[in-house]
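Please read it alongside the sequence and the coordinates.

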Amino acid sequence: MNDSNHIVTLQGGCLCGAIRYAIDAILIDAGFCHCKLCQRASGAPAVAWLTIPFTGFSYTQGEIGVYASSANYQREFCSHCGTPLAFRAMQDPKTIDVTLCSLDDPTAVKPQYHIWCQSKINWLHLDDDLPQFMDAGPDEL
Ligand SMILES: [Zn+2]
Ligand SMILES: [Zn+2]
């Protein structure tokens, strides 16, 4: 099945349950990011993200924390338990990235690629056959 043009209706939230969100959108894509910022922000070797139009995402419960991790982009998280939830442009966001494993059903969306493999941790061995890009990949915004 081709995931493009596929409307997804999904829900998710943080570890402590304070934050809940809903997605009702056409999935743009999903993949693993191995960049240094995602590694630090998550404490994990890579983060799986799904990308949807910004208008298809809404918080339904709780107050998020926000951190500007670069000049134009912010990371959103639960300010109580720290779960990373979303990544988006600060000004006029067109899309939003949501952490795939904060979904209630993380199997609902499958990653399609790896990006920023130039900073992939060398003890992490990938045995999938997904394309690996050294940088942001062909879909860089
Ligand atoms: Zn929480
Ligand atoms: Zn990243």
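**Sheet and backbone briefing**

In this predicted model, three strands make up an open sheet in the order β1-β2-β5, with antiparallel pairing. Strands are DSSP runs of E with at least two residues, numbered from the N terminus, and two strands pair if DSSP finds at least two bridges between them. Local features need pLDDT of at least 70, side-chain atom pairs count only at pLDDT 80 or more, and totals for chains, interfaces and linings use all residues. Residues are numbered from 1 along each chain as its sequence is written, while chains are lettered from A and ligands numbered from 1 in the order in which they are written.

- β1 (7-13) and β5 (57-61) are the edge strands, each pairing on one side only.
- From one strand to the next, the twist averages 20°, with axes being lines fitted to C-alpha atoms and angles running from 0 to 180 degrees between N-to-C directions.
- β1 and β2 (residues 20-26) run antiparallel and are joined by seven bridges.
- Ile7 has Ile26 in β2 as its bridge partner.

- Asp92, which is not a glycine, has a positive phi of about 50°; Asp92 sits in the loop between β8 (84-89) and β9 (95-99).
- Asp92 is exposed (12 or fewer other C-beta atoms within 10 Å, with C-beta atoms placed from the backbone), because 6 such atoms lie within 10 Å.
- Trp116, also a residue other than glycine, has a positive phi near 55° and lies in the segment after β10 (114-115).
- Trp116 is buried (20 or more other C-beta atoms within 10 Å), because 21 lie within 10 Å.

Terms used. Helix = DSSP H or I, 4+ residues; strand = E, 2+ residues; numbered from the N terminus.
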